2 protein chains.
Amino acid sequence: MSHAAAEATSPAPYPATDRTVPTRARERASYDRELVHGLLDQAYVCHLGFVRDGAPVVLPTLYGRVGERLYVHGSTGSRPLRAAGQGDPGLPVCLTVTHVDGLVLARSAFHHSINYRSVVVHGTAHQVTDPQEKREALDALVDHVVPGRAADSRPADAKELAATAVLRLDLAEVSAKLRTGGPHDEPEDLALPYWAGVLPVTTGYGTPIPSEDLDPAVAVPDYLTGA
Amino acid sequence: MSHAAAEATSPAPYPATDRTVPTRARERASYDRELVHGLLDQAYVCHLGFVRDGAPVVLPTLYGRVGERLYVHGSTGSRPLRAAGQGDPGLPVCLTVTHVDGLVLARSAFHHSINYRSVVVHGTAHQVTDPQEKREALDALVDHVVPGRAADSRPADAKELAATAVLRLDLAEVSAKLRTGGPHDEPEDLALPYWAGVLPVTTGYGTPIPSEDLDPAVAVPDYLTGA
């Protein structure tokens, strides 16, 4: 496939808007759709912001992605989900996902930083009312945390589905922001006797801990061991 | 020391307010001051929420703690810091810190969860104008990410201090929320042939990567190697 053909099939980037163009460090911003999808798919906890009584609220929550839609879920009694259910306007939200890759140590305190990759999604969340979309969203949520798990667990029954509210947020006003590489010290600071560089931050998984009431005949599935 | 004496010296918990009492899973909430401090000190990236043009904005940022005060910093040109500088009222914010400890796999999709420890701080952030408090806040920010680093780097000079805005958020309306332990499956699901338990999530540090322009004579400091 030629380079031109590859470009032709690349999805268009997210449009830059007043909300998604940073006021500074613009070179760190990206609107690349595949980059954004990748960053979203590598995490499973987001921080969801909404406004309650005029004040901001930020809560950690799980999320899933299906194409250009994100889903979060919760009890039908939870505050953001009740708020989003109050009529057609939906709930204005900001959904942010952050990967921390390293601590950046400069000779000067001022130039200390972190290497990170983040995605910020602005939009309006709406309650999912279609039963089929709701089921697919819940499968996506489970598979987002542990790929393959939705098919290897008991699906939600009618009562559980009724107790669960799902919010949909379309990926329309989206930006990524990334910092990579080492510190950027002032030239006159380079000879100072302070160590400078990056301390990588790593995340991983430990050994699966079986539930105390698990039948010992049930083996640890491959999707938990990377086998 | 008697138990009564130990209780007398324990700090009072944060008061529970309408905003900090969850609508559900109240047993997971805590207002213990030392628990909150510990959770805040074990992390260095928070998600800061504020309202702009009526809509929520959630951005990842570094923070530091000095007693019952949190500090975040940024360019004097950044949006939240400019907003907080516009007069006495300050900027209503919600600052959230989340530790993810494990993925909780239940036999049923519905009872999947994660083990986490989070802190949510509601309040109004104010720009720090006192030069001495600003210096202490910036030291706290650096030492929060890498303990001991503030004293082992060049302090900010007057120009850098002028270019940096610092916001203070008092720890007054604060709650922690924790989930620990294994899955809670329905009794009728226990015999299903699905693995159940917890996959621990771990975070750590890699080998320090020196800056390309670092004098090889400068050794990696002990505070980066845990030595």
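**Cavities, ring contacts and the interface**

I'll start with a lining: in the second largest cavity it divides into 9 nonpolar, no polar and 1 charged residues. Nonpolar here covers Ala, Val, Leu, Ile, Met, Phe, Trp, Tyr, Cys and Pro; Asp, Glu, Lys and Arg are charged, and the others, Gly among them, are polar.

This is a predicted model, with local features needing pLDDT of at least 70 and side-chain atom pairs counted only at pLDDT 80 or more, while totals for chains, interfaces and linings use all residues. Residues are numbered from 1 along each chain as its sequence is written, chains are lettered from A and ligands numbered from 1 in the order written, and side-chain values use heavy atoms, with hydrogens and water left out.

Back to that cavity. Its volume is about 40 Å³. Lining residues include Leu48(B), Tyr71(B), Ala125(B) and Arg168(B). A cavity is a set of points on a 1 Å grid over the protein atoms alone where a 1.4 Å probe fits but cannot get out, and lining residues have an atom within 4 Å of a point. Points are joined across faces, edges and corners, and volume is the space filled by probe spheres set on them.

How many cavities of 30 Å³ or more does the structure hold? There are 2. Strand 5 (69-75), strand 6 (91-105) and strand 8 (164-170) of chain A each give two or more residues to its lining. Strand 5 of chain A gives the largest share, 3 residues. Strands are DSSP runs of E, at least two residues, numbered from the N terminus. By class, the lining of the largest cavity is 9 nonpolar, no polar and no charged.

Next, rings. The charged end of Arg33(A) sits over the ring of Tyr14(A), 4.1 Å from its centre. In chain B, Arg33(B) lies over the face of Tyr14(B), also at 4.1 Å from the ring centre. The test is NZ of Lys or CZ of Arg within 6 Å of the ring centre and within 35 degrees of the ring normal.

Last, the interface. Chain B puts 85 residues into the contact and chain A 84, contact meaning heavy atoms within 4.5 Å. About 7100 Å² is buried between the chains, 65% of it on carbon and sulfur atoms. Buried area is the accessible area (1.4 Å probe) lost on putting the two parts together, summed over both. Pro56(B), Arg154(B) and Trp195(B) supply 11% of what chain B buries against chain A, more than any other three residues.

Conventions:
On a 1 Å grid over the protein atoms alone, a cavity is a set of points where a 1.4 Å probe fits but cannot get out, and a pocket is an open set with protein on both sides within 12 Å along at least five of seven lines; lining residues have an atom within 4 Å of a point. Helices (H or I, at least four residues) and strands (E, at least two) are DSSP runs, numbered from the N terminus.
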